[in-house]
Amino acid sequence: MKNNNFKIAWKALFFPAILSVLTTSCNKTVDEPDAGISSPSSLDEKAGTWKPYILASSDDINVPAPEAASSEYYKTELKKLKEQVDAIAPVQREKVNYWAAGAVYRWNEIGRELAARYNTPPASNADGKYPLPDAANPLADPKFPFANPPYTARALAYLSVAQYDALVSAWNYKFKYNRKAPSKNDEAIKSILPVTDLPSYPSEDAVVAEASVTVLKAMFPGEVPYLEEKLAEHKNSRMWAGMNVESDIKAGADLGKAVAAKVMARAKTDGMSAANNQAKTAEMIATAKSIGTTVPWVSQEFPPRPPMLPTYGFVLPWNFSAETVPTLRPGPPPALGSAEFKKNMDELLDIAANQTREQARVANFWSDGVGSYTPPGHWHRKGANLCKENNFSEVRTARTLALLGTTMQDAGICCWDAKYYYYYPRPNQVSKRIKTSVGLPNFPSYTSGHSTFSGAAAELLAYIFPNEKQALDAMAAEASVSRIYGLIHYRFDCEAGLEGGHKIGSFAVERAKKDGAQ
Amino acid sequence: MLHRLQKRGNRLAALLAILCCTASQVFAQMPNDAIYMAKGTACLAVSYTHSSWDKYWENTLLRENLNIGTHTTHIVMPMLAVGIVKNLNVIVAMPYMRTETSAGNLRWQKGFQDASGWLKYRFLNKSGLSLNAIVGASLPVTNYVPDFMPMSIGMQCKTATGRLLASYRHKSGVYLTASGSYILRSKIRLDRDSYQSDGKLYNTNQVAVPNAYDAAARLGYLKHGLQAEGYVEHGACDGGDNIRRNDMPFPTNNMKSTSLGFYAKFQPKNLGINARAVYVLNGSNVGKSTTYSAGILYQFRYAKDKSKQ
């Protein structure tokens, strides 16, 4: 009897309790920030006069005049558009809203995603060698590219520059031809997205989509089918939404493709194909020894891995000349074994033994390591979000990200120059008591790449968003110090990197002051 | 730039299977047997576990990693099993863990992991056959880093487990036990606000960790304070992705393993000892680990036995 009572109580109380635990832990939905629909606060009518990077001017590539609004051709296009809008399916509406977050915003996000997807170093083979990724066979093992930070910095720089030049050109023709939005030419068309006075020919979305895909196909050749699918979806979404007729899209696509081809011509001759010249390292090590690096860096991997892109420092920068790069090189790090060196090493030995949870958190937040979009990706995300929060137009967003992307590649180039000039050993090469909580980069220590990228990014973004300066500087400082907490950099690596980064960023700021967009 | 964490095998799954999911298998009365503490009695046990691997499955590729060498996890776990009434036991446990590698540059991690609690209820007991319903839950007790795998000591999931267990024991002492469980695992939060899973980039710090299940069959002998048992166990996740080529494991991986285990206990009176060995035979996204553990048990009465008055 007693037992029965108990059984009843057990069933009545216990199982419901467990059930509630079960149901609450069943929710697997991950809350990602909703990008929302872009609502530019300005048309930036004068953007057709802004200074492009590669194009000689905004009419460098010709866009033919559109059919007149009164023409039968255009009226037929409007009629077809109306049918498309009226027949929109829920899944198409979802795509419309996705792309409405902003063309530059979305393609930047896609670029970051591809960087993360390709950011894994090759595995060593049975002979203890690391096979090189092969651009002609991008999906074989190892996949091409290994989208490490220098590679990603460059890929995102070209992406943003192509988008920007293409949009400057598009803005020129938009206001030259002044074709109104379809719903302003035909009131029967009920556009799904907010319509502004921005002329619709050529379509800014098609311009960005086609320019982006041209760059990304070259940078991530294994992703052609994925990119084609996204491209078609983006262009179609503008028609499903009633925002552009087909001839708007086609003119935009042609322009985007042509501009990106010009931009990618620079990529073919910027020195990247020679950035992994391992033959050069013997000479670099000899130089480093002659200037005081008594124990040069050696790979801490097993088997030893050739250092990452030792001649990336010779790649062509964006905001200054190649000759300027050595002049931006910081002074030498403390001599190995000096009192200054010992002080920095002691700090790391202390963290190695007593890393706090907060230090680990900072190190992890900024780790941006294997499988991530790297520090340049991290800052592109920040830049894209700031543009969105500030209701920037497509063309102003592209300008911001082009300034950001170019300064970050410049930062990568300068940092790599310093790294292979000084060839300075990592802390864990000096003491085996130092092991990392974030992963050990396979290249010399001085200066810190995170710090250089972050200094440059913060300098540029603080100029565009002055109200954010304090927060941006704090972010960059945290990114910088995170590498000490993660036990892979000395404090002097980080301080020199951060300072150098700010200096590099100021070149992009100089450009921004004179590009006509103020 | 931090490149090169490509080393990070993973054995967390095996560990999880041993610890957090099927929980503490190291003891007398466990959440996966049909043995009950009598009403008013309890058993306190402390075990030490040494689990190591020098090969792991990266997706389905069994590989070594010279930047890890041998990965070892040390675990010390106190556990208490309490007989509430004849057919209901409560079991609680809390492991302290430390991870290390014999090569490479990855920093050790250590700390208390997840506290777990179990209720074991025998709803049928007839002619040697018993049917048992077991429910359990676990909660992380410290703020350890969940995604520094394979060095992390756990995944920060809250879990809830439902298990059915059937056992038949012959008069001779020979028994056969079969069990199956489903483990719900909560979302977790990372220190970083971006990660990649299954080719998609997530812009959030929240990670949906897949649920898991396991099944086990045990054949053993139990009589006069002596228990010996051999078992096969299979655990896997309900979905999940795989470790990318030459990348580190991640909490969303579908960690699968099939293992062979041996267990023995000798507890003639209040004091006893036990030992266990487990070998992972096959798997994916886990370490091919070998695990040994040993424990001491102390059984005591915490309430008067009224039946003897």
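Helices (H or I, at least four residues) and strands (E, at least two) are DSSP runs, numbered from the N terminus. The structure is a predicted model, in which local features need pLDDT of at least 70, side-chain atom pairs count only at pLDDT 80 or more, and totals for chains, interfaces and linings use all residues. Residues are numbered from 1 along each chain as its sequence is written, and chains are lettered from A and ligands numbered from 1 in the order in which they are written.

**Exercise 1.** State where Leu487(A) is placed, and decide whether Leu487(A) is buried or exposed.

*Solution.* Step one: Leu487(A) belongs to the loop between α17 (469-485) and α18 (491-514) of chain A. Step two: its phi is near 70 degrees, a positive value in a residue other than glycine. Step three: a residue is buried if 20 or more other C-beta atoms, placed from the backbone, lie within 10 Å of its own, exposed if 12 or fewer, and partly exposed in between. Leu487(A) has 25 such atoms within 10 Å and is therefore buried.

**Exercise 2.** Treat Asp44(A) likewise.

*Solution.* Step one: the loop between α1 (2-24) and α2 (72-86) of chain A holds Asp44(A). Step two: phi of Asp44(A) is positive, near 50 degrees. Step three: with 19 other C-beta atoms within 10 Å, Asp44(A) is therefore partly exposed.

**Exercise 3.** Find which residues the cis peptide bond in chain A joins, and locate Thr447(A).

*Solution.* Step one: the bond joins Tyr446(A) and Thr447(A), with omega about 5 degrees. Step two: Thr447(A) is in the loop between α15 (427-430) and α16 (449-464) of chain A.
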